[in-house]
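Reader: Please take a close look at the interface between the two chains and describe what makes it up.

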Number of protein chains: 2
Amino acid sequence: VVLAGGRGTRFWPLSRRARPKQCLSLDGGPTLLARAIARSGLPPARVLVVTSAEVADAVRAEAGAAHVLVEPSGRGTAPAIAWAAREVRARGGDRMVVLPADHVVSDETAFRRALGAAWTAADAGALVTLGIRPTRAETGFGWIEPEGAAGGSLPVRRFLEKPPQEVAERLLAGGTALWNAGIFVWTLDALEAALAAWLPRTVAALDAVDAGSPLAEAWCDLDAISIDHGVLERAAPGGRVAVVPVACGWSDVGAWSALAEVLPVGEGGVVRAEAVVALRAADNVVHAPGRLVALADVEGLVVVDTPDVLLVTTRASAQSVRALVEEVERRGWVRYT
Amino acid sequence: VVLAGGRGTRFWPLSRRARPKQCLSLDGGPTLLARAIARSGLPPARVLVVTSAEVADAVRAEAGAAHVLVEPSGRGTAPAIAWAAREVRARGGDRMVVLPADHVVSDETAFRRALGAAWTAADAGALVTLGIRPTRAETGFGWIEPEGAAGGSLPVRRFLEKPPQEVAERLLAGGTALWNAGIFVWTLDALEAALAAWLPRTVAALDAVDAGSPLAEAWCDLDAISIDHGVLERAAPGGRVAVVPVACGWSDVGAWSALAEVLPVGEGGVVRAEAVVALRAADNVVHAPGRLVALADVEGLVVVDTPDVLLVTTRASAQSVRALVEEVERRGWVRYT
């Protein structure tokens, strides 16, 4: 089950309504969504992509309409996963891996090895999450504290969502805490038991759908919550949640500035272009396929050139791309979004 | 006579071998060359454009082949003007105005008024230069110190080429010194007398051409020098040079950063684009026709977007565009120049 609901506004102007972030290629190869599907290790017939109406056409074009579930509205990952689990069951499956559609993994071999360990732990009854070995004291992610440090799969002691800076630094220094990347593995039996225990309204709403209620109606009755808050954090104290640590060159590529984590650095920085010439220029992120990019005396900039929009900002303020898109929408220039 | 020899490398990537700076429109209207021709106040049949082989095709397309003189090589403005003067005489003229092809004048009315005063002074026998009222202590220009301060036309006391900063500041503070913009008016009689006095080799070489020598051969025998150094600076002490002060919104638009002097400042700076959205962005110069330009947290940048080249630099280092072009040529990427 690949979760592909968002637009990835922070990758505007490359990401658009008609071509959300997960349908982009950041390096000229397959799209992020195609790679997430391949990363599952499953044949395409056993893949489901959950998405939103806004970007459904683009996702269907990528994944095939038969494999796409369109949520009536975004209500968090718990409803999406619970609904997808019913669909997996209906199609004859008995276990599932949940993958975000718009992340990057540079070491797919390490990822597959971790996924294998996760399937094993899931078959033993655990709700399993992959835990990314952290590389910085990131305060924007959820962190996982495991019991112990060694082993392919460890019980989760607790989850820490978006910790303050000093906590993130302590977690990084401790050497055992991991990032929660939203990658989960479990049997349907284990998930259903957990949903029944922690999200009974969701179970009841989906039962109503199975009994013939319209999805759009039932959708408003289920719990609007993430699977982390709704299930995993509650199940962890009972020892039912396990984490498989992995270092696989993972990035959520949450903004243009993150391209520097996942693409090779060359003359002038990370530059996707036909050619580059740079004088006293470094640490820039430039996306201008087909062009000669000429840089002089600039550092830490983000420049994205598309046929109808040119974005210029800094790596430090790459998050403000979202505000730019909101401003463009506010002015009614919808064709640019 | 319009001098249109250069490529205007510092306006790369908009300026190219096939489309030098003088053949560009900076504001979407007529090109700089077309405006220089119109600024002469003369009918097109009485205009001559002197240019170089490198950009001759582009200049001919703009000015008409019958009105274009192509120099065998660039040897400074004195040979260009001396040769053009012979051609003016041959076509029945008896006086001339010399205009650079790639400058901007925003107040054409003030310019025409000054040009009228210059024709009058020239008819009285002077070698006349237009003196631009300075707006800053510019060290990259030539300055003119007139005798006195009031009057439509003043005798020139002396020329100061590219003065040091402290001299430029004193000249600006003095209130009477002017910039030498390379705009000259004189009768052919006065020019020929001055050339005979100061540049006899040039006169002899052009005499040889008139007698049948090939121009390319004679061209190497004439004085490679500017008209300022070769004639005006030498003639000034004799009281034969006059200056007509003018404030006409003049700019030599010597680099991208200078666009801020001649184009209106709007959201984000001087932005030529289909639309602009800017958050905490100012003082930028952006050229991206047809695009929405989105700026966040950037200041003092120069960004020029063309179909095959994207330039990103700062206003402070706009002069380094020349070095970028040299580097592009050094790498053999001639198609981009």
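**The interface of chain A and chain B**

Four salt bridges are counted between chain A and chain B, a salt bridge being a side-chain nitrogen of Lys or Arg within 4 Å of a carboxyl oxygen of Asp or Glu. One of them joins E267(A) to R331(B), with 2.7 Å between the closest N and O atoms. This is a predicted model, in which local features need pLDDT of at least 70 and side-chain atom pairs count only at pLDDT 80 or more, while totals for chains, interfaces and linings use all residues. Residues are numbered from 1 along each chain as its sequence is written, chains are lettered from A and ligands numbered from 1 in the order in which they are written, and side-chain values use heavy atoms, leaving out hydrogens and water.

In contact (heavy atoms within 4.5 Å) are 41 residues of chain A and 41 residues of chain B. The two chains bury about 3000 Å² between them, 65% of it on carbon and sulfur atoms; buried area is the accessible area (1.4 Å probe) that two parts lose on being put together, summed over both. In chain A, the most area is lost to chain B by R291(A), L292(A) and L310(A), together 22% of what that side buries.

Strand β13(A) pairs with β15(B), residues 309-314, in the parallel sense over four bridges. Pairing requires at least two DSSP bridges between two strands, and strands are DSSP runs (E, at least two residues) numbered from the N terminus. Within this pairing, V293(A) has L310(B) as its bridge partner.
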